[in-house]
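Here is a short report on one protein chain.

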Amino acid sequence: MKKRINTIFLILLIISVSFGIMSTYFCSTGVILIVNKANQQIQSFCIEVCNQSFKLENIPKGATQAVLYEIWGDSHYTIKTIFDSGKILKLESGYVTSSLDSVDRFNVEEDMITHEFVQISNAQ
């Protein structure tokens, strides 16, 4: 019985270390910028990407908020925005992959959400 528990523990340890190594070499970082360009507060901004969900609340007009996430594989963005007035906007957009870091800006306006890829300069 004790030998079996030790074997199971060893297997779980190997799996954990393997995932740790994989995440070091195969995981990228993503940044999402949410810019409220509407004339009202955003009550709720929900975004899903790479099997991760984020919910931001009470984003004032003119404000920018950011979300940091891990890119584990190929995915896209699914967004649902609710304004204080109750109006709902939805968007499915973009593409991310684990081989590239990504910075994406979502501009929320009264009648639409626009998506921009933000180019990162490597200049020093």
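Accessible areas come from the Shrake-Rupley method with a 1.4 Å probe, and for residues only the protein chains shown count as cover. By that method the protein chain exposes about 8,300 Å². Carbon and sulfur atoms supply 56% of this area.

## Model and confidence

This is a predicted model, where local features need pLDDT of at least 70, side-chain atom pairs count only at pLDDT 80 or more, and totals for chains, interfaces and linings use all residues. Residues are numbered from 1 along each chain as its sequence is written, and side-chain values use heavy atoms, with hydrogens and water left out.

The mean pLDDT (the predictor's confidence in each residue, from 0 to 100) of the protein chain is 85. In the protein chain, 75% of residues reach 70 or more. Among the elements, strand 2 (residues 42-49) has the highest mean pLDDT, at 98. Helix 1 (residues 2-26) has the lowest, at 57. Where pLDDT is low, the predicted coordinates should not be read in detail.

## Fold and burial

The protein chain holds 1 helix and 8 strands. Helices (H or I, at least four residues) and strands (E, at least two) are DSSP runs, numbered from the N terminus. Along the sequence the pattern is α-β-β-β-β-β-β-β-β.

The protein chain has 124 residues, and 33% of them are buried. Buried means under 20% relative accessible area, exposed means over 50%, and partly exposed lies in between (1.4 Å probe, protein chains only).

## Salt bridges

How many salt bridges are there? The count comes to 3. The rule asks for a side-chain nitrogen of Lys or Arg within 4 Å of a carboxyl oxygen of Asp or Glu.

K87 and D111 meet at 2.4 Å, N to O. This pair links distant parts of the chain, 24 residues apart. K87 sits in the loop between strand 5 (75-83) and strand 6 (88-96), and D111 in the loop between strand 7 (102-108) and strand 8 (113-117). K87 is partly exposed at 32% relative accessibility, while D111 is exposed at 59%. R105 and E116 form a salt bridge at 3.1 Å, N to O. Here too the pair links distant parts of the chain: R105 is in strand 7 and E116 in strand 8, 11 residues apart. R105 is partly exposed at 26%, and so is E116 at 32%. E57 pairs with K55, with the closest N and O atoms 3.4 Å apart. E57 is partly exposed at 49%, whereas K55 is exposed at 54%.

## Cysteines

A disulfide is a covalent bond between the sulfur atoms of two cysteines. The search takes a pair of cysteine sulfur atoms within 2.5 Å as a disulfide. Across the whole structure it finds 0.

C50 is buried, at 9% relative accessible area. C46 is partly exposed, at 27%.

## A glycine in a loop

G86 lies in the loop between strand 5 and strand 6. G86 is partly exposed, with a relative accessible area of 42%. The C-alpha atoms of G86 and S44 are 9.9 Å apart, and the two residues are 42 residues apart along the chain.
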